[in-house]
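Below is a short note for a colleague who is new to this structure. The points follow the place where two of its chains meet.

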Amino acid sequence: MIKRLHRQGGGDSAQGIGASLTRKEDERFMHGRGEYVPNIRMVGMVDVAFVRSPIAHGHIVGIEKPEGFEHAIYTLGDMEGVKPVVANSGLPGFKSSEQPVLASGKVRQVGEIIAMCVAATRAQAEDIAAQVFVDFEELPAVVDMIDARRDDSALVHEHWGDNVFLETFVDANPDVDLDAIRRDAPIRVHRKLRTARQSMAPMEGRGCVAHWDRRLSQLILHTSAQMPHITRTGLAQCLGLDEGQVRVIAPDVGGGFGYKGILLPEEVCCGWLAMQLEKPVRWIEDRREQLTANANCREHDYDITGYADRDGRLLAVECEAHVDSGAYSSYPFSACLEAAQIGSILPGPYKMERFRCRTWSVATNKPPILPYRGVARTGVCYAIETVMDAIALEAGIEPYEVRLRNLVEPHEMPYDNITRKHFDSGDYPEAVRRAMAAIDLSAVRARQRRGEPDGRRIGFGMSVFCEQGAHGTSVYHGWGIPMVPGYEPAVIRLTPDGVLEVRVGVHSHGQSMETTLAQIAHEVLGIDTDRVRIVLGDTGVTPYSTGTWGSRSIVMAGGAVGRASKELKERLLKIGAHLLGEPSSEVRWENGAVVGRQASRSLREIARTWYLAPQLLPSDVDPRGLEVSTSYQAKRDSGTFSYACHAVVVAVDPALGQTEILDYVIVEDGGVLINPMVVDGQVYGGAAQGIGTALYEAMPYSDDGQPLASTLADYILPGATEVPAIRIEHMETPAPYTEFGQKGIGESGAIGPPAALANAVNDALRGLGVRIDQLPVTPRLVVEALAKERERQARAMKGMPA
Amino acid sequence: MSDAFIKTIELVVNRAPVVDRVEPRTSLADFLREQRMLCGTNIGCEQGVCGACTIDVDGVPTRSCITPAISCAGSAVRTIEGFDDDAIMNELRAAFSAEHALQCGYCTPGMLMTARDIVTRLPDADDARVRLELSGNLCRCTGYVGIVRAIRRVLDARRARAAAPLAAAAATA
Amino acid sequence: MKAATYDYAKPLTCDEAIALIVPTGGMGKFVSGSQSLGPMMNLRLAQPEMLVDLRGIAALRACRIEGETVTLGACLTHAQIEDGKVETGTRGLMEYVARGIAYRAVRNRGTLGGSLAHADPAADWINTMCALDAQFLVAGPGGARVIDGGDWMAGAFTTALEADEILTGVRFARLSPTARWSYYKFNRKPGEFAEAIAVFIDDAARGVCRAVIGAIDAPPFAIDDARDLLRDANPQTSCFDAHLEAAGIEAGSYEHEVHRVALVRAAAAIRNQDGKAP
C-alpha cells in the first residue's frame with residue numbers, strides 16, 4: 001500500500017532559499033518505489049542483447065547467424081533508412097566521422113555493437129548472441145594517444161589521414177615575449193603528466209524501453225538520460241522521423257555524472273526495432289557492458305611548463321595537451337570539447353602575463369569520450385596545481401603562499417583572465433586561508449618533522465580552482481556542436497486547489513531538483529513546498545531544454561522558476577487586490593497570500609476563483625490566467641564561477657605504497673546556496689569521485705586495445721573506507737548575474753581531489769627522492785618508484801652511472 | 001519461458017507464500033524483479049560486489065544477484081518493500097533523510113538492508129567499524145558522509161534507549 | 001550478464017548428490033553458497049549443465065573436535081565462523097580471517113568448502129588451511145578419501161577434486177593453548193581479493209612453526225620451518241627473500257616487495273605477541 005506522506009517541515013519551518021530542507025524525493029527511493037528504466041514493465045515487452053566486438057580494430061568479414069534464430073538477429077543491413085550518429089564541431093579543422101548504429105565494415109573499439117538479438121528474456125537474448133559468429137580481419141589497435149599521432153600509426157578513420165579530431169592553439173598576450181621568459185625566468189618547472197582512462201560508473205547503467213504508440217503516432221523512448229530533449233533531436237534525425245513523432249521520457253535516473261548525456265546507438269537500435277516489431281523493446285546495460293565498452297573519460301596527457309619570478313609569481317605557462325577521445329564523436333558534446341576546453345581553462349584562477357597552449361583531441365580504438373563531472377577541469381587542475389607546487393618548492397615557500405601570490409584577488413572582481421574567462425565574484429585567497437586554518441597546516445608540518453612511529457610518511461597537499469558553470473549561448477555557439485543552450489524555460493501553473501505544478505526541461509539524476517526548485521517557488525510565492533510538484537524528464541510534457549550538464553540546472557532552471565513565480569505573483573496580486581476591493585498599490589504579497597488593509601486572499605482562494613468562480617475576476621484580468629510560461633537567461637551568460645580550496649593530509653606507507661587520507665578539508669563558495677544540505681551532498685559525492693580518480697580508478701588497455709578491468713572487482717570504486725569524513729566550510733559570495741545569486745556547483749567536488757592528493761603524496765615522498773607524475777597514484781607506482789630510487793642510489797654509491 | 005529445466009519453486013516473499021515456476025539460472029534478483037514485480041531491489045553489477053541487490057534471506061543480508069532463485073526454495077525472502085512498516089527500517093529512513101544519505105536512490109534499498117544489519121547486529125560499532133561494514137555497498141553519489149552519519153544517529157539513539165531503563169531505575173533507586 | 005541455462009537439484013545426502021553428478025559426465029558442478037560460482041556463471045566463464053546444491057545435506061555442516069583433531073564441515077558459512085557459532089580450535093585465527101572475507105552479505109551465504117573448491121589463490125581459506133596443514137576430506141563414487149593439504153591445489157583455480165567428488169570437510173590439528181598466530185592481508189580496499197597474504201602459526205607446544213606465502217599465481221607456498229623468519233627482526237635479511245624466491249616470486253618485482261612486506265609484518269606480529277597482524 002502506498003502511504004500518503006506526512007512530512008515534517010511544512011508550515012512555519014524554513015523552506016525557502018537557504019533552508020536545508022529534507023527531500024521530497026527520499027520517500028519513494030527509501031521504500032524501493034523508484035521508477036528507474038529497468039523497472040518499466042509493458043505487455044509484450046521483449047529484451048535485447050547486443051553482439052559486441054571482441055576486438056579493438058578490424059574489418060568485419062562476415063557475420064554468421066545460428067540456424068533457426070536468423071529472424072531474431074539484426075545487423076545494420078536490416079536497418080533501412082537509419083542514419084549514423086554524427087556529432088560535428090564547428091571549430092575549424094574538426095574532422096568529421098560517422099558512427100553507424102550497428103557496426104558495418106569496420107569495428108573501432110572493443111564492445112562496439114555489431115548485431116542486435118531479441119528474445120522474450122535477456123538471458124535468452126544472450127543465448128542467441130553467444131552463438132553469433134563474427135569473422136574479422138584484425139587491424140593494429142590504436143591505443144596510446146601519443147603514439148596515435150605518429151606517421152606510422154594505424155588509422156581509426158582512414159579518410160582523415162591521421163588520428164586527430166581537432167587541434168587547437170591558444171596564444172594569449174602574444175605581445176609579451178615568450179622566448180625572453182623562457183630564457184630569463186628565474187624559476188622554470190616542467191612536468192609530463194598522465195591521467196588514466198576511467199569509467200564514470202553510476203550505480204545504474206544506461207538502458208531504454210522503446211515502443212510505438214499507435215494513437216499518438218509517436219515513438220516513445222523511456223531512457224536513463226540527462227538531456228531528454230537532446231536525445232529526442234538526435235533520435236529523430238537518425239530514424240528519419242520529425243521530432244513531433246518522438247517522445248523521450250527519462251524517469252528516475254540512478255546517477256549520471258555525464259555518462260548519460262549522449263544519444264546512444266543502442267537507443268536508435270531499440271527505437272527502430274520497436275517500430276519494426278510493434279512491441280516494446282528493452283535493453284538494460286549490464287556492468288560488463290558499462291565497463292568494457294564504455295570506459296570513456298578522463299584520459300589526458302600534459303607536457304606543461306611554468307615560468308615564475310624568484311618570488312613564485314607566475315610569468316607564463318605553456319602546455320601541449322592530448323586528450324584520448326576514443327573512436328567516434330559522441331552526440332551531442334562531440335569528441336573535441338574536452339581538449340579544446342583545456343586551452344581556455346588551464347590558467348585556472350591565476351594571473352599571469354603570457355599563456356600558450358596547444359591541444360589535440362586524438363582518435364583511438366577506445367570508447368568515445370564523454371564529459372565526466374568536471375570535464376577537463378579535473379585534469380587541468382591536476383596539471384596547473386602540480387606546477388604551482390613545483391614553483392613553491394623552487395621559490396622556497398609554502399604551497400599556499402605561491403597560490404596567494406598568484407590568485408585573482410577579490411578587489412579585482414569581476415575579472416577577465418588571460419583567456420578572457422570572466423570570473424564573476426569571489427574571494428579566492430580567502431578560501432585558501434580558511435582551508436589552511438581548517439587543516440591546521442602548522443600542526444601538520446610539525447607532525448611531518450616528528451615522523452610516524454609506524455614508519456609511514458605524512459604528506460600535505462592542496463588545490464585551488466574555479467569552476468565555470470551554467471555557461472550559456474555566448475560560450476557555446478562558437479563550438480558548433482549539435483546543441484547550443486539558450487533561454488531556459490519554465491512553465492508553472494496553479495491547479496484549482498492551489499497546487500503549483502512546475503515543468504522544467506532539466507532533469508535530476510540525484511541533484512534533488514524536486515526539492516530545490518520547490519524551495520525557489522516557496523521563496524517567491526510562500527507556497528508550502530509540499531504543494532509544489534516539479535515535473536521533469538518528459539519531452540511530451542516539459543519545455544525544451546538542453547538538460548542537466550555543466551552545473552547549469554540550479555542557475556538556469558532555478559532562474560526560470562524564480563522568474564515565472566515572480567510573474568505569477570504579479571498576476572495573483574492583481575486578482576487578489578480586485579477580490580479585496582483595494583487598489584493594487586495598496587496590497588502586498590505575504591506568506592502565500594495577497595494582504596490588504598484588513599483582509600487577505602490566499603493563493604489557494606485566488607486559484608479557486610480563477611477556475612471555479614470566474615464571475616468574480618476583474619474584467620481586465622490577464623487572459624493568460626494562472627499559467628506562466630517564460631524563459632530565463634542570466635544577466636551575463638558567460639557562466640558562474642564557483643570556487644574551492646581542497647586541503648588534504650595523507651599517510652603514505654612506503655613499504656606497500658598505500659595512501660590513507662587522514663584529513664580532508666574543502667572550503668567552497670557556491671554563491672547563495674539554495675539548499676546547503678544538497679550542496680554539501682554534491683561536494684561530498686564529487687570529492688569521492690575525485691578520490692577515485694586520484695588513487696583508485698583506472699581502465700587499463702592492453703596493446704591490442706583490450707579493456708582489462710571488466711568487473712567491479714578490478715575497476716576499484718571508492719567505498720566507505722576510502723572516502724574520509726570530509727569537512728566542508730562554506731563561503732557565500734553572491735553571483736552578480738543570476739536570479740538569486742546562486743552559482744552552479746555540482747561538479748566542483750570532483751575537480752580538486754586529484755591535484756590535492758597527488759601533491760600530498762609527492763609531499764610525503766619528497767624526502768625519499770621520489771615523485772609520481774600520473775594518476776591514479778597506486779601502491780604499485782609508489783613501490784616501483786621507491787625501488788628504482790633505491791637502486792639508483794645504490795649504484796651511485798658504488799660510483800656507477802645512474 | 002521455454003526452458004526444459006524449469007522448476008516449481010515455493011518460498012515466502014515478504015511474509016506471503018509464493019508458488020511460481022522458475023528457470024534454475026534465474027537469479028533471485030531477476031526472479032523478484034521480473035516475475036514477482038518487486039522492483040525495489042536494484043541490480044548494479046551481477047558480481048556480488050556493489051551491494052545494490054542486497055536483500056534479506058532467512059533473516060540475514062544476502063546478495064540476490066549471484067544467488068539462484070531456486071536455491072532459495074523454502075526460504076523466507078524479504079525485499080525493501082517488505083520493510084515498509086518495519087520500525088527499525090523506518091528509524092533508518094528518517095535518519096537517511098535527515099542526513100541526506102541518498103541522492104539518486106539507486107543504491108539505497110541495498111544500503112538500508114546493510115544499515116539495518118549494522119544497527120541490530122553491531123550496536124557498539126564505532127564509525128570506523130560502520131565504514132568497514134559498508135564496504136560492500138557502493139554509492140557513487142553521496143561520498144558516504146550522510147550514510148555514516150545516519151547510521152551513527154540510529155546507533156546512538158538505540159544505545160540511549162537501551163541505557164534509559166537503567167537510568168530510570170537508577171533515578172528511582 | 002545472465003548465466004547460461006542449467007538444470008538443478010538439491011539432494012539430502014552425499015550419496016544422492018554423487019548419483020546426480022556422475023551421469024553429467026563432468027558437465028555438472030556441485031554448488032553450496034554460489035557466492036564464488038555465481039559471478040563466474042553470470043559472466044558465462046562457467047557454464048555447467050547442472051548444479052547439484054549441497055546445502056540440503058546436514059552432514060556437510062557437522063563440526064566436531066575429537067581430542068586434538070578438528071573437523072569442520074564444508075558447508076559452514078563464513079558468517080558462522082566469523083560469529084563463533086562453531087568451535088574451530090584455532091584460538092581465534094579462523095574467526096579473524098572470516099571477518100575479512102568479502103562483505104557480510106556474501107559471508108552469510110558463502111561457504112568454507114565452496115571457497116576451497118573454487119581455489120582462488122588470493123582467497124582466504126585456501127591460505128589458512130595451508131597454514132593449519134589441513135587435510136581435505138572428500139567423498140566420491142569410489143568412497144571417501146583424504147587429500148593432504150599440499151596436494152589439494154594443482155594451480156590457480158585447479159584442485160585435486162575429481163568432477164564427481166565432493167569436498168565434505170577439512171581436518172587439522174587443534175592449536176594448543178599457547179599457540180600464537182598472525183594473518184596479514186594486503187588488498188586495495190576491504191573485501192577485495194588480496195595482493196599478498198602471509199600467515200604464521202607458531203605452536204611451540206606441538207613443535208610447529210609454519211608460515212604461508214599466499215596470493216601468488218600458484219598454490220599457497222608453505223614454509224614448514226619458519227623459525228628463521230621469527231628470529232630475525234631485520235626485514236632486509238636474505239632469509240625473507242630466499243623464501244619469496246623459493247615461492248617463485250621474481251626478485252625486484254612489485255609482487256616481491258608487497259609479499260615481503262606481508263611476510264615481515266606477519267612475523268613482527270608474532271614477535272609482538274599480540275597474535276594479530278597490524
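At what angle do helix α18 of chain A and α11(C) pack, and how far apart are their axes?

1. This is a predicted model, in which local features need pLDDT of at least 70, side-chain atom pairs count only at pLDDT 80 or more, and totals for chains, interfaces and linings use all residues. Residues are numbered from 1 along each chain as written, chains are lettered from A in the order written, and side-chain values use heavy atoms, without hydrogens and water.

2. Helix α18(A), residues 779-797, packs against α11(C) at about 100°, with the axes 9 Å apart. The two are therefore roughly perpendicular (angles of 65 to 115 degrees count as such). On the α18(A) side the contact (heavy atoms within 4.5 Å) involves P779(A), R780(A), V783(A), E784(A) and R790(A), and on the α11(C) side Y254(C), E255(C) and E257(C). By class, three of these residues are nonpolar, none polar and five charged.

3. Taking the chains whole, 19 residues of chain C are in contact with 28 of chain A. About 2,100 Å² is buried between them, 55% of it from carbon and sulfur atoms (accessible area, 1.4 Å probe, lost on being put together, summed over both parts). M1(C), R188(C) and Y254(C) lose the most area in chain C, together 34% of what that side buries.

4. Five salt bridges cross the interface of chain C and chain A (a side-chain nitrogen of Lys or Arg within 4 Å of a carboxyl oxygen of Asp or Glu). One of them joins R44(C) to D127(A), at 2.8 Å from N to O.

Notes. Buried area = accessible area lost by both parts, 1.4 Å probe. Axes fitted to C-alpha atoms, helices over the stretch in contact; angles between N-to-C directions. Helix = DSSP H or I, 4+ residues; strand = E, 2+ residues; numbered from the N terminus. Parallel < 35°, antiparallel > 145°, perpendicular 65-115°, else oblique. Nonpolar A, V, L, I, M, F, W, Y, C, P; charged D, E, K, R; others polar.
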